[in-house]
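Okay, thanks for coming, everyone. I'd like to walk you through one structure today, so let me put it on the screen.

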Amino acid sequence: MPRKPRRKQRPKSWPVTFSPFARALARMASVSKPNRRSKSIESSEKPTRSSTSNGSSKHTLEERPEGSESSDGEFDGVVQADFAFFDPKPNDFHGVKTLLQTYLDVEEWDLSGFADLILEQTTVGTVVKVEDDEDEGVFALATALNLWRYREQRCIMKLKEFLLLKASQEKGVGDQLRLLLGERAHNVGLLVSQRVVNLPPQLLPHLYDSLFNEVSWATEDEPTEDLRNSFQFKHYIILSKIYKHKNAEQQKRKRSDDREEEIVYVKPEDEIFHELSSWSFCFPLRTQQPAPHELKNYRSMGLIMTVEADKIPTFRQQLASLINEGWRQPEGV
Amino acid sequence: MATRLQFENNCDIGVFSKLTNGYCMVAIGGSESFYSVFESELGGVIPVVKTSIAGTRIVGRLCAGNKNGLLLPHTTTDQELQHLRNSLPDQVVVQRIEEKLSALGNCIACNDHVALTHTDLDRETEEIIADVLGVEVFRQTIAGNILVGSFCALSNRGGLVHPHTSIEDLDELSTLLQVPLVAGTVNRGSEVIAAGMIVNDWTSFCGSDTTATELSVIESVFKLRDSQPSVIVDEMRKSLIDSYV
């Protein structure tokens, strides 16, 4: 089976991110990152079609955190990590559950059931782990769940209730959301994408590529017609987190003087999804984590948006160019 | 009889609560349903006290105690200390100790007769433990881990330890503790036993991810199947009344 060529290691200044905020977060997280030695690569277990690549997606990245403390004498600030994409497995339960801990804010719901649901759907869904890691830590997760197929599951019912409750406070979108969750649910996919804060953004285009590729393969490869149809998504619903500026008069500011943006996106692809979305709204979150200094004027909010499936190719293009721009940033930044 | 529950979607209930034969402590801030499970199981038999320690909710991991006493870290505030002294039964000696290893729940595993402690605990602390808790103290490791309080759950009738504990270690610990021990997991394969469950002589509470198999192991090693609280509390009461006569 042809293997995707491994990316060459490129020393570059770290962290490569898009905003001072993300850099601050990444810097904070880097101090406690364990020093991993790269091990010999074996092909990953992800079964794929031979016509396309992605047999084993390995991304070797060298990272040089600024001013991080060394826990042992050998640590010279360079962390090497080989990330690999895998199908969800039952073993990943604890890692996936940890990533989903704050998915519905502070709601008490069947989180374990939701994690199990994601892990059972092996045809569509990707889990990012480090190759040969003994701890089997899960660094990122991406999947799409058909809301009609799983409508009887307790966790999905509670999730729908949560979304509708938040939408009821927002004029106009409530009815559209109810339609999507009710009658039109056959073609609606819940796009779940969670990751550790400091995951290198270079992985994102590949992560989303593999997810949307799997969705289109599933429409042809699934054993029954029902299952095949269940992946013919027309809409994706996304539930995410953003930081919104506390000051409502942001809109008056001139672009050139704009040192503080109205919305800071925790996940870079959310900005693209937001632009392409059919509708979206924010709601306040009850968990308020202590924000880093650069974010003291911002409040964390939940964001619910829906994107039509035919906008996805545009999304993939825009995401690739956004990330690649980030790559070409000068070394000193 | 073991009950499954969770604290704000988190199955590590042993972090947010502490259970002994004489009292139960619960963290503030969880939803009322967390507290009410304890109330319904234990209410009327032993006091269920809502508290924080050092302003945090991780009460289960910061303190160590049994029916005779309760040890608190030096970070406990005066108000919390007073609140606990007021709420717990009079025969429980509540003491705040100066120990640099302040997560006492992670360093000390004890029942009403024996305690296992972290190997680096101060001599002075060891003496206070023996004195306040009325136990015999042993410095031990469990499966090579020095945080003995985290990797085992202990009652007067049995104990559950880290799954990788060897047979020889199990035998040795069992002889020291004088109770049957079993190596197992809680919360669907978690090795941090004490974070996932709390137990006393007649009841136990486990995180809701605990599988049926894990639960049956817990009920069997701690002999919870036929226990009724009244039997054990009556025994305690008899010995208390003796002291009046």
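Before anything else, a definition: a polar contact is a pair of N or O atoms within 3.5 Å; within protein, one must be able to donate a hydrogen and the other to accept it, and residues adjacent in sequence count only if both atoms are side-chain atoms. One such contact, at 3.4 Å, joins the side chains of Ser210(A) and Thr126(A).

Now the housekeeping. This is a predicted model, where local features need pLDDT of at least 70 and side-chain atom pairs count only at pLDDT 80 or more, while totals for chains, interfaces and linings use all residues. Residues are numbered from 1 along each chain as its sequence is written, chains are lettered from A and ligands numbered from 1 in the order in which they are written, and side-chain values use heavy atoms, with hydrogens and water left out.

Back to Ser210(A). You'll find Ser210(A) in helix α6 of chain A, residues 203–221; helices here are DSSP runs of H or I, at least four residues, and strands are runs of E, at least two, numbered from the N terminus. Is Ser210(A) buried or exposed? Buried, because its relative accessible area is 2%, and the cut-offs are under 20% for buried, over 50% for exposed and partly exposed in between, with a 1.4 Å probe and protein chains only.

Next, the interface. Ten residues of chain A are in contact with ten of chain B, contact being heavy atoms within 4.5 Å. About 830 Å² is buried between the two chains, with carbon and sulfur atoms giving 26% of that; buried area is the accessible area (1.4 Å probe) that two parts lose on being put together, summed over both. On the chain A side, His94(A), Gln101(A) and Glu108(A) lose the most area, together 50% of what that side buries.

How many salt bridges are there between chain A and chain B? Two, where a salt bridge is a side-chain nitrogen of Lys or Arg within 4 Å of a carboxyl oxygen of Asp or Glu. In one, Asp209(B) meets Lys97(A) at 2.7 Å, N to O. Arg188(B) also bridges to Asp116(A), with the closest N and O atoms 2.8 Å apart. That pair runs from the loop between β13 (181–183) and α9 (193–196) of chain B to helix α3 of chain A. Arg188(B) is partly exposed at 30%, and Asp116(A) is partly exposed too, at 22%.
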